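Take a moment to find your bearings before reading on.

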Amino acid sequence: MSTHIEAKKGDIAETVLLPGDPMRAKWIAETFFENPKQYNDVRGMYGYTGTYKGKRVSVQGTGMGIPSCLIYCHELINDYGVKNLIRVGSAGSYQKDIQLRDIVLAMSASSNSGINNSRFINADYAPTANFELFIKACDYAKAHHIPIKAGNILSSDEFYQDDFDEYKKWAEFGVLCVEMETAGLYTIAAKHNVSALSILTISDSLVTNEHTSADERESTFSTMIEIALGTLDY
């Protein structure tokens, strides 16, 4: 048992899916897992372990933002021996050709967070995906004819920004979309020599101002879950 996760040793699989929304964790477990068992509800941050096509897998809500995500990732890695962390989250598009419900694989994560400033003073650390997990996700998507986009994303500390058009600066340099956790996830995974990948579904667009509903974000983004679970077979 750790500070924020009440699971016992052995309750959590080596591969864990990480949605920010704890209700999405519940939906994933009930929709995709065989014989899911809840191991955590501390602070309402649900965690479950089950099997998928006979392979053991877990899902753990992380909350919103890098600090919250890092708490759960740290404990999953250090207290429960997790080896593969796959974020399954929503993101806002920065590009006109990336539309609602498109799938984005985060090859790297730029950030406006100061989370790494204390580690790398006067330098920029570049958080990147694990190559093996990334290739597995690409191979699964290709084999199942699922269109994907891949590239640099932004992990932002701000959801509501003062300057709505600030995204255009990032877009100009090829950043695909924005979310709030991946840069932290990739950093802590690298620090502890484990594997991490973010698979994102576009929930809204800063280009067109289109957006999905809260219910849709919670329980209809199934394609990214299929890709994440598909990495277990590759």
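Helix 1 and helix 7 lie roughly perpendicular to each other (a term for angles of 65 to 115 degrees), because their axes cross at roughly 65°. This is a predicted model, in which local features need pLDDT of at least 70 and side-chain atom pairs count only at pLDDT 80 or more, while totals for chains, interfaces and linings use all residues. Residues are numbered from 1 along each chain as its sequence is written, and side-chain values use heavy atoms, with hydrogens and water left out.

**Helix 1 with helix 7**
- The axes of helix 1 (residues 22-32) and helix 7 (residues 222-230) come within 12 Å, and the crossing is right-handed.
- Arg-24, Trp-27, Ile-28 and Phe-32 of helix 1 touch Ser-222, Met-224, Ile-225, Glu-226 and Leu-229 of helix 7 (contact means heavy atoms within 4.5 Å).
- Sorted by class, this contact of helix 1 with helix 7 has six nonpolar, one polar and two charged residues.

**A closer look at helix 1**
- Buried residues (under 20% relative accessible area, 1.4 Å probe, protein chains only) in helix 1 include Arg-24, Trp-27, Ile-28 and Phe-32.

**Helix 2 with helix 5**
- Helix 2 (residues 66-80) and helix 5 (residues 182-191) have axes that come within 9 Å and cross at roughly 30°.
- Helix 2 and helix 5 are therefore roughly parallel (angles under 35 degrees).
- The contact of helix 2 with helix 5 has eight nonpolar, two polar and no charged residues.

Conventions. Axes are lines fitted to C-alpha atoms, for helices over the stretch in contact, and angles run from 0 to 180 degrees between N-to-C directions. Helices (H or I, at least four residues) and strands (E, at least two) are DSSP runs, numbered from the N terminus. Angles under 35 degrees count as roughly parallel, over 145 as roughly antiparallel, 65 to 115 as roughly perpendicular and the rest as oblique. A crossing is left-handed if the near helix is turned anticlockwise from the far one by less than a right angle, and right-handed if clockwise. Ala, Val, Leu, Ile, Met, Phe, Trp, Tyr, Cys and Pro count as nonpolar, Asp, Glu, Lys and Arg as charged, and the others, Gly among them, as polar. Buried means under 20% relative accessible area, exposed over 50%, partly exposed in between (1.4 Å probe, protein chains only).
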